[in-house]
Amino acid sequence: MLEVTNAILHYGAAEALRGVSLTAEAGKITCVLGRNGVGKTSLMRSIVGHNRLTSGSVAFEGKALDRSAAYDRARSGIAFVPQGREIFPLLTVKENLETGYAPLGRADRNVPGHVFELFPVLRQMLSRRGGDLSGGQQQQLAIGRSLVMRPKLLVLDEPTEGIQPSIIKDIGRAIRYLRDSTGIGVLLVEQYLDFCRDLADVVYIMDRGQIMHRGQAEDLDNPEVRKLIMV
Amino acid sequence: MGFLRNVVAAGLMLAATLVCAAADEAELRQLVAKFADANNFQATEAVVRELGATGSPAVEGLLTALSQGSLYVRKADDAIFVGDEVGPDIKLRDPLNGEAVGTVAKAGLTKIKVNNTLRRVIRDALGGLTLGSNDPAVRLAAADTMFKNPDPATIAALDAAIAGEAVDSVKARLEQARASAVLLSDLGEADKMAAIDILSSRADQDSLSQLSRFQASAEGPLRASAAAAVATIDQSLALWQVGQNVWYGISLGSVLLLAAIGLAITFGVMGVINMAHGEMVMLGAYTTFVVQQVIRDTAPGLFDWSLAIALPMAFLVSGAVGLAIERGVIRFLYGRPLETLLATWGVSLILQQAVRTIFGPTNQEVGTPTWMSGSFQLGQLAITWNRLCIVVFCLAVFALLLHVMKRTPWGLQMRAVTQNRRMAASMGIRTPRVDALTFALGSGIAGIAGVALSQIDNVSPNFGQGYIIDSFMVVVFGGVGNLWGTFVGAMSLGILNKFLEPYTGAVLGKIMVLVLIILFIQKRPRGLFALKGRAVEA
Amino acid sequence: MISQRFFAAGADRRIAITISILIGVAVIVPTLNIAVAPDSAFHVPSYLVALVGKYLCYALLALALDLVWGFCGILSLGHGAFFALGGYAMGMYLMRQIGDRGVYANPLLPDFMVFLNWKELPWFWHGFDHFWFAALMVMAVPGLLAFVFGWFAFRSRVTGVYLSIITQAMTYALLLAFFRNDMGFGGNNGLTDFKDILGFNVQANTTRSALFAASAATLALGVFVTWRIIGSRYGKLLMAVRDAESRTRFLGWRAENVKLFAFTVSAVMAGIAGALYVPQVGIINPGEFDPANSIEVVVWAAVGGRGTIVGPIIGAVLVNAGKSWFTGALPEFWLFALGGLFIAVTLFLPSGIVGMWDSWQAKRSGRKAAADAADATAVPEMAIAPAAIVRGGRPAAGAAPEPQPAE
Amino acid sequence: DDTIKVGVLHSLSGTMAISETTLKDTMLFLIEEQNKKGGLLGKKLEAVVVDPASDWPLFAEKARQLIEQDKVAAVFGCWTSSSRKSVLPVFEELNGLLFYPVQYEGEESQRNVFYTGAAPNQQAIPAVDYLMSEDGGSVKRWVLAGTDYVYPQTTNKILKAYLESKGVAGEDIMVNYTPFGHSDWQTIVSDIKKFGSAGKKTAVVSTINGDANVPFYKELGNQGVKAEDIPVVAFSVGEEELAGLDTTPLVGHLAAWNYFQSVDAPANAEFIDAWKAYTKNDKRVTNDPMEAHVIGFNMWVKAVEKAATTDPDAVIDAIVGVSVPNLTGGFSTMMPNHHITKPVLIGEIQADGQFETVWETPGLVVGDEWSDYLPDSKSLIADWRAPMSCGNFNVATGKCGGKAGTTN
Amino acid sequence: MSKANTILYLDGVSVSFDGFRAINNLSLVLDKGEMRAIIGPNGAGKTTMMDIVTGKTRPDAGEVYFDGNVDLTRHDEADIAMLGIGRKFQKPTVFENHCVEDNLLLSLKGPRSILPALFSRRSTAENKRIDDIFDIIRLGHRRGDLAASLSHGQKQWLEIGMLLAQDPKLLLVDEPVAGMTDAETEETARLLKQIAETHSVIVVEHDMHFVRELGVKVTCLHEGSVLSEGSLDFVSADERVVEVYLGR
Ligand SMILES: Nc1ncnc2c1ncn2[C@@H]1O[C@H](COP(=O)(O)OP(=O)(O)OP(=O)(O)O)[C@@H](O)[C@H]1O
Ligand SMILES: Nc1ncnc2c1ncn2[C@@H]1O[C@H](COP(=O)(O)OP(=O)(O)OP(=O)(O)O)[C@@H](O)[C@H]1O
Ligand SMILES: NC(N)=O
Ligand SMILES: [Mg+2]
Ligand SMILES: [Mg+2]
């Protein structure tokens, strides 16, 4: 459903992505791993339209996205949970969730029940300002918010960062549930290896702006592959 | 005002024709003819006094006409006429019975000049004449005139009028007029005591000054009782004074709020340091001018509706200009708010000069619809209609805006976009559209503020400059991004200003308000309605 | 081309060149004005000397503003007030120098006081008959105001637009106050009709040239001082406070003191600029406190390049030269031209003239470096800087993320 | 070469553009008319227009540019006293000529400047005299309301001294100042009403400047302050200011000037027609500062013709005593103090935005540069003719004030 | 409880925001030289506790003492930092417009007043210290780059470096390994243990592997107060901790 071909990205003169190709499929969880600073975030941001690629292309459901703006990508069904949360600090939790209504028809404008099941704390804090939440709560809000959009592809950049263990487990369960029940595709960046191994259908490993390995979750037990993500 | 005067005049005419027959018409005509020879103000004044002394209601019309400057001498035969200007000609009417006599070119007539002294003499004369009018409003006006110019000689006439008066409110005024005359008369102590009571019940500035003048010259118990009355009135007036300051403060606050409210969006919500905000207000004011100009030329009858027509027009004009500015300049500057200052400063210069080039540098006349002119009395408060309209209008605009911001999806998207444009886009919000419409909304609101402000200020290319500093002050004082803050900020600055002004004068008052703002910000570094907590620091 | 080399130079070299140019101008222009015959092609007319002298004072003011705005993120919309106060201090000295040559021939009281029927010199006018005292006040009054104002504001952690607006309120309040005749500063007519400075006739060509040279030299000194400040550890701290004030506190720095120092130094610089300005234009009046004037200073700095040392100078000179020229050449349309210029600068030179030049240079050298790096086979990591960093100086603008906005 | 340049130094932008732009147009008009008549000394006149943008130091810069760069023969310009003060040293230094067309506070006489507007005695004092007279309503109580700056403050100071000399008690004078551009007049108008309700005939003398007038008059109208009750006499409100107002509620309020558009004189009618034709605008009004420029320009032309050169020194010598027709049907003469003689007119506002003259001085009034009502200027006079050639001669000490050393 | 020999002493501390009690009668004592791990659900008040200690938030009630007898509620952030409390923030906050090296330079222990900052030059000792830190945080190859251009994880490291440069007596480390790879996590644990030999440390983390690696006493906060305290095994065996935090 998502296809990245030969993506090259520069920050000024520095090259952060050096010809990355990757596919993510509907109904599958695609995991991207890699050390700090290898370009995972850069790749995700290129996919959702926050960075503009120097060259290469991104296609979603067969349509090239390279010229479309971030909001059009979102409207075509890509939801994004960025690294660093980026919730709207001065909007209440409720309003943060409601920002996800924008691409929806009038009938769909509600918060799906599983959001509150997954993150009960959000229900308690509906009227608190997003920026006042604790780090982990914000992360939960960011994930919840993306689910409101009923995406076809969910792009998650280190979603477990700062989240308490029990909820990490819940998130894992939820991702699996979403994949199985709605058949959405999930593109997941993770450092947390165990989490990844449990979830991933497909695994990519990046290093220095390039894909070094593509395979299955089980590959992660292979020491050769593991070396790629060790210091 | 002019309209009102015409109504009164018409009423007088009617009354005059009805009772005309009773007076000795020939004698009156002789008197009227004297105007032709009166070639200075004193002489004219003498004629007016003589006419007034006849007590004949028939002269009301002609005296009113004289005070309005529409009494003429026909050069050919020194005959006197009331004239109505019709283009280059003047339609003549008989001064006593109002019958149309024909039309004459202006050059064939000499206008009888009036000055302020003369106007006053005429008004006094009319006051005596109209005591017996059929219209209670006219009698009321007469009573007021006589109250303000007390003359013991009128006591008898007033007594008669009081005896025959059926309307209570008019009767009360007549009694007050009589009381004021009594104080100056040589009537006995009992009468004067009664007069003091009546005056002290009136309890306004006029009765106060009459009583205090009386007190100065009176002796014994009269003096004491006058002093007591003065003290009571003083007290009640002091209270009214507070009420008046509050009202003035609210009305100044409304002006500040109107001026600032568009900025509360473009700057407060969007974070654009919009130095061209004042020019958006100015465009609204010029739109009003153009609308009125068109109405004057094409459909003068609609003039009272001109503001209602100008409001949507101004919203569209300023909104469209705002849209153009956003699309043309500002959209390239998101995330760089300081540069919006530079660019909008440039825009502001250009807009000012454009208006100057198109309309000229001088003031343009924006008229006030009749229903917004003048004032009414609420107790001892004189409330002018235009201020009241502005207060009401401003509250309405504020409520509407609050609704849009807090209760509509658009409002939510606006706020989301300004807090994190990139992430908002990733939520599927069409950020460019939201940006453009938000800026247009802020500008449009500034435009309709311009319509209202054109009613109290002069419409010139500098119009907006006068408001820009105050607007920023209000928005910041209230707390950036908080509409209620803007509201409370504007009102409290308005009221503060108006409470300081009587003690310090306008200049020092303004300086003190500025200093207080500086000190206040030390206490609340993020404005009156500061947002607190992590959310803000993040 | 000199300008080519000048712009391309590293920060330090650029400063050195700027200072040399200023010193050169300080020497050459007066010489060409006084020593060269008026009909010579090299003669610089007095008109130009006065004009450029004025620009130099503006440039110093813009530099002062940039010290706090560009390097410390304090957007002062009231810097005109410090400039004006310095100007008034100098103006008071010049007024006292008139002595009994005023129209009423009062040896003690300036004309406007006589004319308003004042009987004695107000206390705050004492001492201004001495140049040293006036010179001290030129620095002390703006400095003290800035210190007190800043002490309260920074301690209360007033930041961003809130700070901007209260600085604006300050200059606005001073404007209204100085307009009042009762204040004893000549009301809206201000101080004017100066005769001598240090015994020399202010209208004489030589005096004018000397003032010009003094302005250029002072600006050079200002550049030097600013450069030293910026280059020091304190300068880095200043920028750190600009970008993340609260973080510096958690490192133990007192952000309020950091800002206060810069604000005070900047106010003193602005005051000196004002003091040099007044004898050259011959008048100081409350118009200088007009908030619009202070905004204009911000505009100059932005046009030239905020957060650079040379930028504000170029901006001030360019905008004012443009204004002088346009108001004569296109008297009825010059606002279109000036307004258009401001818009164009923001759109096409988003970090000002110097900032844009820098980032263009950075991109060029960056590409070159990238190309070099691509040749080398073993690239250890993403070793290439995203933007060329000027060591010890300011990182290249444009490529750098924007500093925290005022709000 | 074959042109004579004339500098026009009026703000075309900024706060003063509203008043000064018309004066620039007036100058262009006068120069065109003069050229139609064959120019001056056989040369064409050429206007050099600059925009000092309501910025006082810029006035000085532009003045310098006009004289030094453009070599203009004379400059017509300035409005506010501040702008004039700002350019004075320049004109003195470069020996230029400035014609200043606006009423001002007096207390000045400079060799290079010709004051064609009114001094306080040509406007303020006659206005007060009128109000004190029976015709004017025998006013006993006075509100002196002005914008807080030098011209109103000085004028009020002079007026206060004058009123007190006429026996007006201190408690019967209320002085009030407002900032520039003041727009909220509610409190002040209600204070005026209160002050005026004390039973004595009250009048307001307004030195309110420029922009602040429109809201002031609007508030007067709305609060129903009628001219019969409390007349307002203004010194800065002319036809141009009224053009932005609905004057119906203001009928009867007064202004004191040396010229009104409504003045019934052939010279005026001719001028108005020519002006409307020149501006191609039937609604363009004329006003007092315009007339001052007309007078000043004609005086300069005559003086240049008399001296047969535009050399400033020659013109300065030639112009004293020059008489030219003013637009009110008489002649105005340049006096040795560089002020001119003018009639003083009091007019009442009419519903059509014009003034109707209700009173005028029987003859011409000589501009008094040093007020007789201020203690320190009482004994000063100005006379720029040789041999005195002094702007501040002290008749008490017999010395030429402070400028003795520098006059040349 | 005696305050002597404690580096940090909190007793009965409460704080609420708009009526919400984020910290509720919290008592916590850290001995000199001790390292403590703090865990607890999201929103338990861990970061708020650090805010209180570093002077960012004033407690509504309770005592906060440093080094036995210094009442921290009487000091502001800068004072507290100078007293010797350093902090790494949960969300990495570095000086983005400074190069990596200058970030460290500004953090280096030393005088904190204006004049020295104006005139001081960099000493060789300082250079050495910076080089050492670069060795630890492995960012030496990027010392001249703008901090803004670092990736998230690199910024985490830089913050740790800044904390080291400060050389405080007490280190408050909020989620240091968020966004780090497992290998880096182990590396960080080693580093912290090494630091703890000479300093007192409080670490907040959700990564149980990491906490286990540290092998120190653990405090679990919940709803603003201590829920459980003891060795990791002890705490993770606590039913309530499993219920609210670890999950099943
Ligand atoms: N805005 C930027 N400007 C310049 N360089 C950047 C920018 N953002 C990232 N980089 C650089 O690009 C490279 C890739 O960064 P990216 O954030 O994609 O890494 P990452 O794999 O997500 O790392 P982490 O695991 O630490 O989040 C890094 O070397 C980083 O320094
Ligand atoms: N300014 C504030 N206004 C309102 N609530 C706040 C504020 N600051 C913190 N809170 C609330 O206080 C609680 C404690 O927050 P804190 O950040 O200390 O949690 P934490 O333990 O650090 O969580 P995490 O593990 O997610 O980082 C949270 O519920 C948070 O929403
Ligand atoms: N001279 C004036 N009106 O300022
Ligand atoms: Mg990342
Ligand atoms: Mg936390």
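Helices (H or I, at least four residues) and strands (E, at least two) are DSSP runs, numbered from the N terminus. With that in hand, welcome to this predicted model, where local features need pLDDT of at least 70, side-chain atom pairs count only at pLDDT 80 or more, and totals for chains, interfaces and linings use all residues. Residues are numbered from 1 along each chain as its sequence is written, chains are lettered from A and ligands numbered from 1 in the order in which they are written, and side-chain values use heavy atoms, with hydrogens and water left out.

**Chain A**

Let us start with chain A, whose secondary structure consists of nine helices and 10 strands. Its radius of gyration is 17 Å, close to the 17 Å that the globule rule gives for 231 residues, so chain A is as compact as a globular protein of that length. Here the radius is taken over C-alpha atoms, and the rule is 2.2 Å times the number of residues to the power 0.38. The C-alpha trace of chain A spans about 45 × 40 × 35 Å along its principal axes.

Of the 231 residues in chain A, 63% count as buried. Buried means under 20% relative accessible area, exposed over 50%, and partly exposed in between (1.4 Å probe, protein chains only).

| Ion | Protein donors | Distance |
|---|---|---|
| magnesium ion (ligand 4) | Thr41(A) (OG1), Gln83(A) (OE1) | 1.9 to 2.1 Å |
| magnesium ion (ligand 5) | Thr47(E) (OG1), Gln90(E) (OE1) | 1.9 to 2.2 Å |

Thr41(A) counts as partly exposed, at 25% relative accessibility, while Gln83(A) is buried, at 13%.

**How the chains meet**

Finally, a look at the assembly, where contact means heavy atoms within 4.5 Å. Eight pairs of chains are in contact, and chains B and D share the most contacts. Chains A and D do not touch, their nearest C-alpha atoms being 37 Å apart. Chains D and E do not touch either, with nearest C-alpha atoms 38 Å apart.

Technical notes. Donors = N, O, S within 2.8 Å, 3.2 Å for Na, K, Ca; no water.
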